[in-house]
Amino acid sequence: MTMKHPLWTLCYICIIPFFHTANAQDTVSKHAIGLRLSDASGFWAEASYQHKVTEATRIEANLGVRGRSNFNAVKLSGFYQWFFAIDNALYWYTGPGLGLGLVDYNDNVAGRDESETFGFVSGTIGMEYHFDFPLMVSIDFRPEIFFDSFNNDDLNFNIGVSARYTFQ
């Protein structure tokens, strides 16, 4: 079928992907739990949980830890995400987030033998793949803006990979 008329072409471009996306989103599980590993001014390991809210949105919560010779840190972050089908099992997602944390400095850090809290705002954009068995893998980018003295830079570029078990 050739589409010589621009209106037919526009309809095909706009309507067909909508139906494809609507059908593909049924394959996203209601829950996912797993591990996210990231590098944001150091290695973070995060326990991660996702809960599907609507057919195109979800919330995600992460609890991360980071240990170094001069300090230990823990952070909690939450995101509201919109997800969109690229293909039957491939999605991309984006959304805003917030977080807070606690850092405990060791004795050998000059002038810092204490604990302090920190907060940050973040966003996320990423891609994920859902296998035919209950596993999802993803890669994402999360710029984080910190409000504290813990992070020397007020802006971190957090890149992470995740593996999650999916279930209803």
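Tutor: Happy to! R58 sits in strand β3, which covers residues 57-67; strands here are DSSP runs of E with at least two residues, helices are runs of H or I with at least four residues, and both are numbered from the N terminus. A word on the source: this is a predicted model, in which local features need pLDDT of at least 70 and side-chain atom pairs count only at pLDDT 80 or more, while totals for chains, interfaces and linings use all residues. Residues are numbered from 1 along each chain as its sequence is written, and side-chain values use heavy atoms, with hydrogens and water left out.

With a relative accessible area of 3%, R58 is buried (buried means under 20%, exposed over 50%, partly exposed in between, with a 1.4 Å probe and protein chains only). Its side chain has two polar partners to look at: the side chain of Q81 at 2.6 Å and the side chain of E128 at 2.8 Å. A polar contact is a pair of N or O atoms within 3.5 Å; within protein, one must be able to donate a hydrogen and the other to accept it, and residues adjacent in sequence count only if both atoms are side-chain atoms. Setting aside neighbours within four places in sequence, R58 is in contact (heavy atoms within 4.5 Å) with Q50, H51, K52, V53, F79, Y80, Q81, F83, Y93 and E128.

Now for the strands around this residue. Strand β2 (residues 43-52) pairs with β3 in the antiparallel sense over 8 bridges, where pairing requires that DSSP finds at least two bridges between two strands. Within that pairing, Y49 stands opposite A61 of β3, and the two strands form a hairpin with 4 residues between them. Strand β4 (residues 71-85) also runs antiparallel to β3, joined by 11 bridges. There, T57 of β3 faces W82 in β4, and this hairpin has 3 residues between its strands.

The structure holds 1 cavity of 30 Å³ or more, and the volume of the largest cavity is about 70 Å³. On a 1 Å grid over the protein atoms alone, a cavity is a set of points where a 1.4 Å probe fits but cannot get out, and lining residues have an atom within 4 Å of a point. Grid points are joined across faces, edges and corners, and a volume is the space filled by probe spheres set on the points. The lining of the largest cavity has 13 residues, of which V28, S29, A32, Q50 and R58 lie nearest its centre. At least two lining residues each come from β1 (31-39), β2 and β6 (115-130), with β2 giving the largest share, 3 residues.

For contrast, consider Q168, in the segment after β8 (155-167). Q168 counts as exposed, at 68% relative accessibility. Leaving out residues up to four places away in sequence, Q168 touches S29, K30 and H31. Q168 and K52 are 116 residues apart in sequence, yet their C-alpha atoms are 9.8 Å apart in space.

Finally, the whole chain: 1 helix and 8 strands, in the order α-β-β-β-β-β-β-β-β from the N terminus on. Of its 168 residues, 38% count as buried. Among contacts between residues at least 6 apart in sequence, 52% join residues at least 24 apart.

Conventions:
On a 1 Å grid over the protein atoms alone, a cavity is a set of points where a 1.4 Å probe fits but cannot get out, and a pocket is an open set with protein on both sides within 12 Å along at least five of seven lines; lining residues have an atom within 4 Å of a point.
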